[in-house]
Amino acid sequence: MRSELHALGTVRIQVSDIDAWRTFALDVIGFAEGTGPDPDSLHLRMDERPHRLQLVPGDSDKVLAVGWEVRDHLALRRVRAALETAGAAVKDLDEAACTARGVEAGLSCTDPGGTPLEIFCGPALDHSPLVTPFGARFVTEGLGLGHVVVPVHDSEATYAFYTDVLGFLPRGRMRVPAPPSAGGPLTVRFLSTCRRHHTLALMGVPATQPPGLVHIMVEMATLDDVGRALDRVAAHRVPLSSTLGRHTNDKMVSFYVRTPGGWDLEVGCDGLLVDESAYTAEEITADSYWGHDWSVGQRS
């Protein structure tokens, strides 16, 4: 079964401190400020899309929608049929919602883990030159925004939903040591819809209050881009969650930084592009070849 979903297209998040986010996103990480119809939101641009991330002011921090892109309205129709056959509650995005998101058509549903999803086609493009504050470039062409990791309580049902209904490809797993009191060991399952090693990861946890978020990964074009971002993190005294390191599964050289919303942003480069004709799903037994010292976050 080949997934109709091409890549992670957008993420929309409600945030309680939009001013802190503006400083973090533009002055520290180096996103370009994008455009959108909501003047109160902060739109973050990475490529020819008007925005990839939309931060909506609110009284709490939570995921409003994880957006997945399909090829066209025919693919969207097939996704709708698959969801309805599986018994998912599906709702069409009306004209006003599509205009607000800058897409031709879309639908919404919720995965079994409680994460709200939007699946869309026909994104409008912004053909003006992309000018990021520090000249960094993001890797998105054919691969989408990056990846998202979400906590799930019923991991088996959520995993089956993405693989059996939406056609995500399994890209291995990792078991994370944790004491029995914390429900350990915890299992993280990696899935993808394109050549990026994973566009989605499901972190099994004993209990979660949906919709939650563990981290979002964005990929920069060069190690120098990542290093300069890391320098700015230090200069602005933004708490690191993990030091620089290289992952074992997607080979990403990255660091993790704590966002104003309390979840992490992974900033990396040199991610693996999977050759599906030769790939077999693996279980990794170590998170990283080197680096990624998570104790730095506990000291922050």
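Predicted model: local features only at pLDDT ≥ 70, side-chain atom pairs only at ≥ 80, totals over all residues.
# Notebook: pocket, sheet and rings

I started with what lines the largest pocket: 14 nonpolar residues, six polar and five charged.

**Entry 1, the pocket.** How much space lies in the largest pocket? I get about 410 Å³. The lining has 25 residues, and the closest to the pocket's centre are Met174, Val188, Met203, His215 and Asp287. I also looked up which strands contribute to the lining. E9, E10 (169-176), E11 (186-192), E12 (200-204) and E16 each supply at least two residues.

**Entry 2, the sheet.** Next I traced the strand order. I find an open sheet of ten strands with mixed pairing, and the order reads E17-E10-E11-E12-E9-E13-E16-E15-E14-E18. Which strands stand at the edges? They are E17 (283-284) and E18 (288-291); each has a single partner strand, so one side of each is left without a neighbour in the sheet.

I then checked the pairing of E10 with E11. The two run antiparallel and are joined by six bridges. Within this pairing, I see Arg173 standing opposite Arg189 in E11.

His215 had already turned up among the residues closest to the centre of the largest pocket.

What are the partners of E13? With E9 (residues 146-152), E13 pairs in the antiparallel sense over four bridges, and there I find Val148 opposite Ile216. With E16 (residues 264-269), E13 pairs in the parallel sense over five bridges. In that pairing, I noted Val267 as the bridge partner of Val218.

How many aromatic pairs does a search of the whole structure find? I count seven. I looked up Phe31 and Phe138, which form a stacked pair, with 5.2 Å from centre to centre and 5° between the planes. This pair links distant parts of the chain, as the two residues are 107 residues apart. I located Phe31 in the loop between helix H1 (18-29) and strand E2 (32-33), and Phe138 in the loop between strand E8 (116-121) and E9. Phe31 counts as buried because its relative accessibility is 2%. Phe138 is at 8% relative accessibility, so I put it down as buried too.

Then I turned to Phe161 and Tyr162. Their ring centres are 5.2 Å apart and their planes stand at 85°, so I logged the pair as edge-to-face. Phe161 and Tyr162 are both buried. I also found that Phe161 and Tyr162 belong to one aromatic cluster with Trp68 and Phe168.

Last, I looked for charged side chains over ring faces. Arg171 lies over the face of Tyr279, at 5.5 Å from the ring centre. Arg232 lies over the face of Phe134, at 3.9 Å from the ring centre.

Note on methods:
Residues numbered from 1 in each chain as written. Heavy atoms only, no water. Pairing = 2+ DSSP bridges. 1 Å grid on protein atoms, 1.4 Å probe; cavity = no way out; pocket = protein on both sides within 12 Å on 5 of 7 lines; lining within 4 Å. Points joined across faces, edges and corners; volume = space filled by probe spheres on them. Nonpolar A, V, L, I, M, F, W, Y, C, P; charged D, E, K, R; others polar. Phe/Tyr/Trp six-rings, centres within 6.5 Å; stacked < 30°, edge-to-face > 60°. Buried < 20%, exposed > 50% of the residue type's maximum accessible area, 1.4 Å probe, protein only. Lys NZ or Arg CZ within 6 Å of the ring centre and 35° of its normal.
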